[in-house]
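Here's a quick tour for anyone opening this one for the first time. Have a look at the chain and the model, then read on.

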Amino acid sequence: MSENLPTAERCDLDGRRRVRIRCVKCKTPVILDFGSMDFSTAINRLEHVAITPQECPGFHTELSGWDFYWRFDEALALAFPEDFTGPIFRP
Ligand SMILES: [Zn+2]
C-alpha cells in the first residue's frame, strides 16, 4: 500500500456522505458512511462508535479511542464542511 495515499478523503456514493480514512495505528483504509445523517446526528453516532470495543479492519482490537484511530475530526471536516467549525473529539 502506497504511503502517498491521503489520510482522509471524501468518497460519496449514491448521494451518501462517505469518508475514507486511514487508521492512525495500522494505516488500513476504513470507510465512515454517514448516509443522509445531518451533522449533529453524525456526531452522536461517532460519539457512540468512539467508545465501542471493536476490531479495526486492520486486525487490532481496541476498547475505545476510535475517534483518534479513525480520525473522526478529519472525517467530519470532510463530510460536513458547511457545519464543521473546529475539532470536536480532539480539540
Ligand atoms: Zn487500524
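Predicted model: local features only at pLDDT ≥ 70, side-chain atom pairs only at ≥ 80, totals over all residues.

What geometry does the site of the zinc ion have, judging by the angles among its four donor atoms? The site is tetrahedral, with angles of 106 to 114 degrees. Residues are numbered from 1 along each chain as its sequence is written, and side-chain values use heavy atoms, leaving out hydrogens and water.

**The zinc site**

- Four residues hold the zinc ion: C23, C26 and C56 each through SG, and H60 through NE2, at 2.0 to 2.3 Å. Donors here are N, O and S atoms within 2.8 Å of the metal (3.2 Å for Na, K and Ca), and since water is not among the atoms, sites may look incomplete.
- For reference, the ideal angle for four tetrahedral donors is 109.5 degrees.
- Along the chain, the donors are spaced as C-x2-C-x29-C-x3-H.
- Helices (H or I, at least four residues) and strands (E, at least two) are DSSP runs, numbered from the N terminus.
- Both C23 and H60 are buried, while C26 is partly exposed, at 25% relative accessibility. Buried means under 20% relative accessible area, exposed means over 50%, and partly exposed is in between (1.4 Å probe, protein chains only).

**Strands and their turns**

- Strand 1 (residues 8-10) and strand 2 run antiparallel, joined by three bridges; A8 has I21 of strand 2 as its bridge partner. Strands pair if DSSP finds at least two bridges between them.
- Strand 2 also runs antiparallel to strand 3, through six bridges, and here I21 has V30 as its bridge partner.
- Six residues separate strand 1 from strand 2 in their hairpin, and D14 in that turn has a positive phi of about 50 degrees. D14 is not a glycine, and it is exposed, with a relative accessible area of 73%.
- The hairpin of strand 2 and strand 3 has six residues between the strands too, with K27 taking a positive phi near 70 degrees. K27 isn't a glycine either, and its relative accessible area of 35% makes it partly exposed.
- As background, most residues other than glycine have a negative phi.
- G15 sits in the loop between strand 1 and strand 2 and is exposed, at 71% relative accessible area. Its C-alpha is 16 Å from that of L76, which is 61 residues away along the chain.

**The nonpolar core**

- The largest nonpolar core has 24 residues, and those with the most contacts inside it are I21, L32, F34, W70, F72 and L76. Such a core is a set of buried Ala, Val, Leu, Ile, Met, Phe, Trp, Tyr and Cys residues joined through side-chain atoms within 4.5 Å.
- At least two residues of this core come from each of strand 2 (17-22), strand 3 (29-35), helix 1 (39-50), helix 2 (66-69) and helix 3 (72-79). Helix 1 gives the most, with six residues.
- Not counting residues up to four places away in sequence, F34 touches R17, V19, A42, L46, A75, L76, A79 and F80. Contact means heavy atoms within 4.5 Å.

- R71 lies in the loop between helix 2 and helix 3 and counts as buried, at 14% relative accessibility. Leaving out residues up to four places away in sequence, R71 touches T7, I21, R22, C23, V24 and W66.
- C11, in the loop between strand 1 and strand 2, is buried at 10% relative accessible area. Setting aside neighbours within four places in sequence, C11 is in contact with R18, V19, R20 and I31.
- The whole structure has zero disulfides, a disulfide being a pair of cysteine sulfur atoms within 2.5 Å.

Definitions and conventions
Tetrahedral: all angles 85-135°; square planar, octahedral: opposite > 155°, others 65-115°.
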